[in-house]
Amino acid sequence: MANALLYDSTLCVGCKACETACAERWKLPYNDQVAEEAVLSDHKLTVVTTHGESFGRRMCMHCQDPTCASVCPVGAFQKTALGPVTYDAAKCIGCRYCMFACPFQAPAYEWGSTTPKVSKCDQCYDRQKAGKVTACSEACPTGATTSGDRDAMIAEARKRIAENPAGYYPRIYGLQEAGGTSMLLLSKVPFEQLGMPKNLPNHALPPLTWNVLSLVPDIASVGSVLLGGVYWITHRREAVAKAEGRQDGVRQ
Amino acid sequence: MTTAALPMPRAVPLWRRIPVWRLVFYAIMSAALYASYLRLFHGLGSVTNLSNEFPWGIWIGFDVLCGVGLAAGGFTLVAIVHIFHIERYKPVLRPAILTAFLGYVLVVVALMFDLGRPDRIWHPLVMWNPRSVMFEVAWCVMLYNTVLALEFAPALFERMQWRRPLRIVQAISAPLVIVGVILSTLHQSSLGSLYLIVPSKLHPLWYSPLLPLLFYVSAISVGLAMTIFESWHSAKAFGKQLEWPLLMSLGRLLAVVLGVFLVMRFMDLSRRHVLGAMLEPRPEVYLFYLEVALMAIPVVVLFSGAVAERPRLLYFCAVSAILGFVTHRLNVSVTGIQAMTGANYLPRWTEIAVTLGLIAAGFAIFRTAAKYLPVFEHPVEAEVREST
């Protein structure tokens with residue numbers, strides 16, 4: 001069973017209770033100044049954003065086939081069976097390819113530290129393992145953020161759109177974006193107006209590099225035989241010429 | 001039998017003629033040292049203008065992407081001389097291998113600056129993720145560094161008259177050069193593959209499924225250009241004759257490879273229907289024109305035959321090709337990303353200081369190595385063997 005969060009922007013009142021709960025869980029400082037910050041960072045793993053009348057919410061999207069997990073040279077990221085994408089700071093070498101590659105620009109870095117780590121939401125993996133909902137869904141007073149089985153959340157989102165077509169932009173963000181995510185969004189306005197990246201492919205990104213990378217064994221084996229053959233032919237030509245006492249085999 | 005061990009023809013050091021260069025060198029090195037201190041004790045944030053929106057700057061875009069490419073002359077010439085066995089290129093082989101070896105060592109040093117946890121640079125050895133391009137690059141670069149050390153080792157062994165190690169290295173030469181060319185092919189193209197993962201973040205003038213191939217071909221072109229460049233400078237510095245016919249033929253090779261690159265580049269733009277993007281009056285488009293012009297000019301000049309008997313013109317063609325290559329890589333890694341994501345990034349002075357420091361160190365070490373080791377005067381191998 002894989003879980004997902006469902007964030008319904010039309011129910012969000014912008015109280016930022018999710019931000020507070022998240023900071024508490026990660027033991028990060030939270031005050032008025034931090035509350036004002038509208039971008040993800042090493043001390044803010046989820047953000048409620050204001051866009052005129054509407055609110056949005058940014059955090060790690062927990063992709064079904066996570067780009068970060070595929071690009072990380074040491075395998076520090078893992079897509080868990082429960083849905084959350086976790087990060088193992090003990091492995092991380094700090095190459096920041098995950099940050100560069102993430103289509104949602106979710107991971108942040110501890111730029112000020114001499115032993116920096118990547119920071120991102122882990123969808124309260126420890127709580128989920130214990131059968132609990134995430135801290136943010138527990139804290140949300142209006143039901144804007146809820147969590148549960150991904151298929152059930154998708155069905156719930158579809159139901160809300162069907163029951164109130166005028167109140168919703170007729171799409172679920174996260175159903176297909178970058179191959180689908182474990183964070184689903186509903187909104188009254190198009191999602192780019194909530195600051196969500198648009199023009200993302202509707203397929204997972206890791207195959208883009210894997211299609212090339214999977215050729216490595218072929219290039220290495222065929223290439224070695226080919227170059228070995230060329231080497232043999234060119235050097236054999238010289239050896240034969242030498243044995244016959246000729247000079248013409250050597251290309252000078 | 002000390003012919004091989006004789007020092008180079010007496011050179012007039014550059015700084016004795018122009019002391020300014022010596023001062024510039026020390027100024028750069030002091031700035032780089034100070035930046036290193038800040039990097040080490042205050043973290044990446046204190047020395048770079050990197051941000052969560054723009055996590056890779058010039059240390060990746062220039063030091064690593066361009067550094068590895070500029071060192072491609074090593075595998076290109078090894079393939080020409082040892083595998084295709086075209087021996088007349090031998091006089092420029094060792095300088096090319098030395099450039100490559102130095103280049104890769106400096107790339108690793110640059111990586112140590114850029115990695116958040118340089119103390120864990122060895123992690124990819126034991127923590128594997130074969131799905132990651134970065135993982136493949138890490139392994140290839142590490143293995144190829146070993147190959148380059150062994151390919152350059154004969155210069156040291158000849159100088160020291162260590163005959164047994166020399167014979168051992170010569171005995172494994174065939175598999176060594178083949179492995180070296182394969183490893184280079186893999187990681188030179190993989191540097192392009194790194195960018196395949198960001199279809200929504202890289203401008204369509206640069207994002208292409210052909211990136212691995214484009215990076216591979218451009219690396220070969222700049223490897224040839226760098227060989228011409230360093231032959232020119234070494235000839236000047238050490239007051240020796242320019243290998244003119246040889247450099248001319250390298251120039252023709254350069255023209256062909258650059259031509260292939262440009263044709264591939266425009267075919268690709270046309271196939272992806274993005275040629276129209278060239279007409280938008282935007283800064284990144286101007287940089288695209290700069291990149292294409294710097295590469296096209298040498299092709300036209302070299303094919304026109306104007307270079308015959310004009311070494312200076314050949315030298316400028318090589319410089320133009322090198323600058324075109326650097327512009328392409330910086331466009332992929334900086335301009336093209338900024339154009340799509342709107343992220344702000346201009347390197348901080350400390351980033352530039354470290355980069356310049358690495359370049360200056362490269363020049364200084366190359367010079368020293370060329371002075372004390374048989375780099376340019378290829379030793380008479382038979383002579384060494386006879387004396388054993």
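How many residue pairs are in polar contact across the interface of chain A and chain B? I looked this up and found 25, with both residues at pLDDT 80 or more. A polar contact is a pair of N or O atoms within 3.5 Å; within protein, one must be able to donate a hydrogen and the other to accept it, and residues adjacent in sequence count only if both atoms are side-chain atoms.

Ground rules. The model is predicted, local features need pLDDT of at least 70, side-chain atom pairs need 80 or more, and totals for chains, interfaces and linings use all residues. Residues are numbered from 1 along each chain, chains are lettered from A in the order written, and side-chain values use heavy atoms, without hydrogens or water.

Interface. I checked contacts (heavy atoms within 4.5 Å). Here 57 residues of chain A touch 57 residues of chain B. Next I looked up the buried area (accessible area, 1.4 Å probe, that two parts lose on being put together, summed over both). It is about 5000 Å² between chain A and chain B, and carbon and sulfur atoms give 63% of it. A:Ile93, A:Phe100 and A:Trp111 supply 16% of the area that chain A buries against chain B, more than any other three residues.

Salt bridges. I looked for a side-chain nitrogen of Lys or Arg within 4 Å of a carboxyl oxygen of Asp or Glu. The count between chain A and chain B is two. One of them joins B:Arg131 to A:Asp65, with the closest N and O atoms 3.6 Å apart.
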